[in-house]
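Subject: Structure for you to look at

Hello,

Here is the structure I said I would pass on. Please open it next to this message and follow along as you read.

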Amino acid sequence: MPLFALICTDKPDHLETRLATREAHLAYIEKTGVVRQAGPFLDAEGAMNGSLVVIEVDDLSAAQDWAAGDPYALAGLFAQVDIRPWKKVI
């Protein structure tokens, strides 16, 4: 199955939304079982301000569906989500 990288940028001043939704987001990751790597982007002060999530799903449509169902997305956290096919080399 192909891999897709989700590059997510938080809306400005939405750290509280991220923190309030974090447990549901992590539960979604565990429940769906398709995440291969994930973690937050950090600003200059070390605060979370985005996400990088690598998922393994059938196709781009499935990646888009997964991204749309993420509790972070449902809470309106992201200003932008870029989904790209990704190939693991190392």
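How much space lies in the largest cavity? The answer is about 30 Å³. Please keep in mind throughout that this is a predicted model, and that the values below are computed from it.

First, the overall layout. The protein has three helices and four strands. Read from the N terminus, its elements follow the order β-α-β-β-α-α-β. The C-alpha trace spans about 35 × 25 × 20 Å along the principal axes. The radius of gyration is 13 Å, which agrees with a compact globule, because a globule of 90 residues would have a value near 12 Å. Of those 90 residues, 31% count as buried. If you take the contacts with a separation of 6 or more, 70% of them are between residues 24 or more positions apart.

Next, the strands. Which strand is joined to β1 by seven bridges? It is β3, residues 48–56, and the two strands run antiparallel. To find this pairing in the viewer, look for C8, which stands opposite S51 in β3. Strand β3 is also joined to β2 (residues 35–42), again by seven bridges and again antiparallel. Strands β2 and β3 form a hairpin, with five residues between them. In the turn of that hairpin, G46 has a positive phi of about 90°.

Now back to the cavity. In general, rolling a probe the size of a water molecule over the atoms shows where empty space is left. In this model there is one cavity of 30 Å³ or more. Which residues line the largest cavity? They are L6, C8, W66, A67, D70, F78 and V81.

What kinds of residue make up the lining? Six are nonpolar, none is polar and one is charged.

Regards

Note on methods:
Residues are numbered from 1 along each chain as its sequence is written. This is a predicted model: local features need pLDDT of at least 70, side-chain atom pairs count only at pLDDT 80 or more; totals for chains, interfaces and linings use all residues. Side-chain values use heavy atoms; hydrogens and water are left out. On a 1 Å grid over the protein atoms alone, a cavity is a set of points where a 1.4 Å probe fits but cannot get out, and a pocket is an open set with protein on both sides within 12 Å along at least five of seven lines; lining residues have an atom within 4 Å of a point. Grid points are joined across faces, edges and corners, and a volume is the space filled by probe spheres set on the points. Ala, Val, Leu, Ile, Met, Phe, Trp, Tyr, Cys and Pro count as nonpolar, Asp, Glu, Lys and Arg as charged, and the others, Gly among them, as polar. Two strands pair if DSSP finds at least two bridges between them. The radius of gyration is taken over C-alpha atoms; the globule rule is 2.2 Å times the number of residues to the power 0.38. Buried means under 20% relative accessible area, exposed over 50%, partly exposed in between (1.4 Å probe, protein chains only). Contact means heavy atoms within 4.5 Å.
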